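Dear colleague,

Please find the structure below, handed over for your own work.

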Amino acid sequence: MQRNTRQRAAILETLSQQDDFRSAQQIHEQMRTDGETVGLATVYRTLQALSTAGRLDVLVAADGESLYRQCEDSGHHHHLVCRECGKTVEITDPSLEAAMSAIAREHGFTDLDHTLEVFGLCTEHAATATADGAQTAEDGAAADGGPRA
């Protein structure tokens, strides 16, 4: 691990205030908003070093961009991530780990290393999606001359 610097401390402080995954650019912008003077290249290098040291979780977005989040759990864990707001829940499940090991053995794989990110809708956004779906169905029925609420 590299030495502790003012920039590293500032990046860790910014990450500690975030609950969801953020890109290096988003972290850099938040730091600038907070009055920190850290270059974007320094943010990238520091995030990579912290990730390699196991102090950050890294998620690769659909567009290939790396997103970072400070680990809450220092052990092996996975994530549930809301597709709408980015809310993230760390999960550990020994039965999941056992299943992954069994599947690997079944196919002749050893020396495992894996990450698992499960994407869905958090409670708040699931309720919004359900309400939006019901509203759309009602609007469609009314447009077709069907019953109105």
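**Findings**

The protein chain exposes about 9700 Å², of which 50% is supplied by carbon and sulfur atoms; accessible areas come from the Shrake-Rupley method with a 1.4 Å probe, and for residues only the protein chains shown count as cover. This is a predicted model, in which local features need pLDDT of at least 70 and side-chain atom pairs count only at pLDDT 80 or more, while totals for chains, interfaces and linings use all residues. Residues are numbered from 1 along each chain as its sequence is written, and side-chain values use heavy atoms, with hydrogens and water left out.

**Confidence**

The mean pLDDT (the predictor's confidence in each residue, from 0 to 100) of the protein chain is 81, and 83% of the residues reach 70 or more. Among the elements, helix 2 (residues 24–33) has the highest mean pLDDT, 94, and helix 5 (residues 123–143) has the lowest, 66.

**Overall architecture**

The protein chain contains five helices and six strands. Helices (H or I, at least four residues) and strands (E, at least two) are DSSP runs, numbered from the N terminus. Along the sequence they follow the pattern α-β-α-α-β-β-β-β-α-β-α. Of the 149 residues, 26% are buried, where buried means under 20% relative accessible area, exposed over 50%, and partly exposed in between (1.4 Å probe, protein chains only). Among contacts (heavy atoms within 4.5 Å) with a separation of 6 or more, 48% are between residues 24 or more positions apart.

An open sheet of three strands has the order 1-3-2, with antiparallel pairing. Strand 1 and strand 2 stand at its edges with a single partner strand each, so one side of each is left without a neighbour in the sheet. Two strands are taken to pair if DSSP finds at least two bridges between them.

Strand 2 (residues 56–60) is joined to strand 3 (residues 66–70) by five bridges. In this pairing Leu56 stands opposite Gln70, Val58 opposite Tyr68, and Val60 opposite Ser66. Arg22 has Tyr68 as its bridge partner in strand 3.

As to ring interactions, Arg69 lies over the face of Phe21, at 5.9 Å from the ring centre; a charge sits over a ring if NZ of Lys or CZ of Arg is within 6 Å of the ring centre and within 35 degrees of the ring normal. A search of the whole structure finds zero aromatic pairs. For that search, rings of Phe, Tyr and Trp (its six-membered ring) pair if their centres lie within 6.5 Å, with planes under 30 degrees apart counted as stacked, over 60 as edge-to-face and the rest as tilted.

**Helix 1 and its cover**

The buried residues of helix 1 (residues 6–16) are Arg8, Ala10, Ile11, Leu12, Thr14 and Leu15. The cover over these buried residues includes helix 2, helix 3 (40–52), strand 2 and strand 3. Leu50 is found in helix 3 and is buried, with a relative accessible area of 0%. Leu50 and Arg8 are 42 residues apart in sequence and 9.0 Å apart in space, C-alpha to C-alpha.

**The loop between helix 4 and strand 6**

Two residues deserve mention here. His114 is found in the loop between helix 4 (94–106) and strand 6 (117–120), and is buried, with a relative accessible area of 19%. Not counting residues up to four places away in sequence, His114 touches His76, His78, Glu97 and Met100. His114 and His76 are 38 residues apart in sequence, and their C-alpha atoms are 9.5 Å apart in space.

Asp111 also has its place in the loop between helix 4 and strand 6, but is exposed, with a relative accessible area of 78%. The phi of Asp111 is near 50°, a positive value in a residue other than glycine.

With kind regards
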